[in-house]
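Please report on the side-chain contacts and the strand layout of this model. Keep it brisk and give the cut-offs.

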Amino acid sequence: MNYISEIIIREKERLTELKSSYENQLEELPKGSVQKKVQNGKVYYYLAFRDGDRVITKYIGGDSEAQKIKEQVEKRKHAVAMIKKIKEELKRIEKALEGAK
């Protein structure tokens, strides 16, 4: 096997590990979005997400708790975007490896 093929294979392994890492993060991070509702002059925060066809809302507390959840939701969105990019790159690598055979 030539040097370039070896580099491509190592990159494939690296991307596969990175994808697995992001997928593990998805299991721990909340999905959905943080909703702010004001009732009787008080602010309430909820995490809204889909479960099949239903939309589930869960009370998450005050400002500090809502901020933590918002950050986690943003992390999840980033992880989903990265997984998509990694999958595209893995497809390109597979094509390159097929062409090298």
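Glutamate 74 is partly exposed, at a relative accessible area of 48%. Here buried means under 20% relative accessible area, exposed over 50%, and partly exposed in between, with a 1.4 Å probe and protein chains only. Lysine 77 is partly exposed too, with a relative accessible area of 48%. Lysine 77 and glutamate 74 form a salt bridge. Both sit in helix 2, 3 residues apart, about one turn of the helix. Helices (H or I, at least four residues) and strands (E, at least two) are DSSP runs, numbered from the N terminus.

This is a predicted model: local features need pLDDT of at least 70, side-chain atom pairs count only at pLDDT 80 or more, and totals for chains, interfaces and linings use all residues. Residues are numbered from 1 along each chain as its sequence is written, and side-chain values use heavy atoms, with hydrogens and water left out.

**Salt bridges**

Side chains of opposite charge can pair when their charged atoms come close. The criterion for a salt bridge is a side-chain nitrogen of Lys or Arg within 4 Å of a carboxyl oxygen of Asp or Glu. The structure has 5 salt bridges. The table includes three of them.

| Lys | Glu | Closest N and O atoms |
|---|---|---|
| lysine 12 | glutamate 94 | 2.4 Å |
| lysine 19 | glutamate 23 | 3.6 Å |
| lysine 77 | glutamate 74 | 3.8 Å |

Lysine 12 pairs with glutamate 94. That pair links distant parts of the chain: lysine 12 belongs to helix 1 (residues 3–28) and glutamate 94 to helix 2 (residues 63–100), 82 residues apart. Lysine 12 is partly exposed, at 28% relative accessibility. Glutamate 94 is also partly exposed, at 32%.

Lysine 19 and glutamate 23 are 4 residues apart in helix 1, so about one helical turn separates them. Glutamate 23 counts as partly exposed, with 31% relative accessibility.

**Aromatic pairs**

A pair of aromatic rings is described by the distance of the centres and the angle of the planes. Rings of Phe, Tyr and Trp (its six-membered ring) pair if their centres lie within 6.5 Å; planes under 30 degrees apart count as stacked, over 60 as edge-to-face and the rest as tilted. By this rule there are 2 aromatic pairs. Tyrosine 44 and tyrosine 59 make a tilted pair, 6.3 Å centre to centre with 55° between the planes. Tyrosine 44 is in strand 2 (residues 42–51) and tyrosine 59 in strand 3 (residues 54–61), so this pair ties together parts 15 residues apart in sequence. Tyrosine 44 is partly exposed at 25% relative accessibility, while tyrosine 59 is exposed at 52%.

Tyrosine 46 and tyrosine 59 pair edge-to-face, at 5.7 Å centre to centre and 65° between the planes. Tyrosine 46 lies in strand 2 and tyrosine 59 in strand 3, so the pair ties together parts 13 residues apart in sequence. Tyr44, Tyr46 and Tyr59 form one aromatic cluster.

The charged end of lysine 37 sits over the tyrosine 46 ring, 5.1 Å from its centre. The rule asks for NZ of Lys or CZ of Arg within 6 Å of the ring centre and within 35 degrees of the ring normal.

**The sheet**

Strands pair if DSSP finds at least two bridges between them. Strand 1 pairs with strand 2 in the antiparallel sense over 7 bridges. Valine 34 has leucine 47 in strand 2 as its bridge partner.
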